[in-house]
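Work through the exercises below with the structure in view. Try each task before reading its solution.

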Amino acid sequence: MYFWKNIRAVIIRELEVFKKRPVYFLGSVGVVSFCAVFFLTFLGDGLPHDIPIGVVDEDNSSVSRMFARHLDATQLGKTVRFDTFPEARLAMQKGEIYAVCILPKGMYSDIGSFRRPTFTYYINGMYFLGGSLAYKDLLTIINLANGAAHRKFLRAKGWDDRKIMNFIKPIEVDTHQIGNAYTSYNYYLSNMMLPAILEMVIVILMIYALGSELKYGTSRHLLRTGGGSIVTVLGGKIIVYTTLFTAIGMSLVFLLYDWLHFPIAGSVWNMFPAMFLLVMASEAVGIFIIGLLPVPRLALSIGALYSVLAISFTGFTLPVEAMPAAIRGLAQAFPLRHYYMIFTDEVILGSGFAAWWPEAIHLFLFQFLPLAVMIRLKRAFIYQNYSKE
């Protein structure tokens, strides 16, 4: 009876703190909403297009002009013509274009005489995404131009088109991009970046919610409100923050897979318990960090570092299997890694709960982390003998 009464008192106290300190609302709903709007609008087109690529046409023939038109007609590229290479190089140094392609003088005559003209192109590697896509676009057009030249020559020899294609492209590549058939950066990044940001917000705010009691010297009052029990104190705070963060997480799931219709091979309903487990595991990590290091400034720094490293160790940018063996096992220490495995099995492969239940157990095991630091945290609340900075 007293247990639930004390928990209720802690909940009411925490809601009063929410009213007095808008940082909780801005740091949770505000940050996640801003990041959701930013990513979903910035990557709204799915794939960058009209990337400026400089073209220096030294041949000025029908073939070179056709090459430039084809390059401009692609979804990725948009040609910017220059009279000389120094002009194009200056534009690339200023960041106005991402690549330069030089169409050599005598290109038409070389192709007609069955000599190999040399294409020269420069890529601005300072811009990773723009430079990579410009390189991909240039390489595609050059390969198509090479195939067109071969086809024209073989047609002149009397070959039929089927035989020509078998000669030019003897191996046909049938590509299936599982889970992202549209090659959309939005589907690739937003699916994991938004949960990663939510995890970061949860860890940092959970540390701040407990660390601020030490910083402002209110921890003893909090313990008295909870009847002197650290379990009651943590229970009351967790109920408040779990309700808030679960609502945010469920809104993200609804936003991505229902409103914006992100491709999902499995059931959207299975992503709700996965998100709930991520929220609970992230809260447990935050409590563990502040309990292990009851110094607000240090704990917040560790929590921020931990959350940022979680993005790298998740495996959606670089597969964990490709990481050095010495650090491969560290990926299991991040709840986001297990959420990513659930995402892979449910959203991409559609395997269902039967495939990702071990990851759900891993996320549940994070709930035992606070047990290791409860006594230490209670002592810090009572004695307040740690730095309040």
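pLDDT is the predictor's confidence in each residue, on a scale from 0 to 100. The model used here is predicted.

**Exercise 1.** Find in which helix confidence is lowest and in which it is highest.

Solution. Then go to the helices. Confidence is lowest in helix H7 (residues 161-168), with a mean of 70. The highest value, 95, belongs to helix H11 (residues 271-292).

**Exercise 2.** Compare the radius of gyration of the protein with that of a compact globule of 389 residues.

Solution. Take the reference value: such a globule would have a radius of gyration near 21 Å. Next, look at the box filled by the C-alpha atoms, which is roughly 95 × 50 × 40 Å along the principal axes. Finally, turn to the contacts between residues at least 6 apart in sequence: 76% of them join residues at least 24 apart.

**Exercise 3.** Decide whether Thr232 is buried or exposed, and list its contacts.

Solution. Locate the residue: Thr232 lies in helix H10 (residues 230-259). Read its relative accessible area, which is 2%. Buried means under 20%. Thr232 is therefore buried. In the protein as a whole, 44% of the 389 residues count as buried. Last, leave aside the neighbours of Thr232 within four places in sequence; the residues in contact with Thr232 are then Phe3, Asn6, Ile7, Val10 and Gly226.

Methods: Residues are numbered from 1 along each chain as its sequence is written. This is a predicted model: local features need pLDDT of at least 70, side-chain atom pairs count only at pLDDT 80 or more; totals for chains, interfaces and linings use all residues. Side-chain values use heavy atoms; hydrogens and water are left out. The radius of gyration is taken over C-alpha atoms; the globule rule is 2.2 Å times the number of residues to the power 0.38. Buried means under 20% relative accessible area, exposed over 50%, partly exposed in between (1.4 Å probe, protein chains only). Contact means heavy atoms within 4.5 Å. Helices (H or I, at least four residues) and strands (E, at least two) are DSSP runs, numbered from the N terminus.
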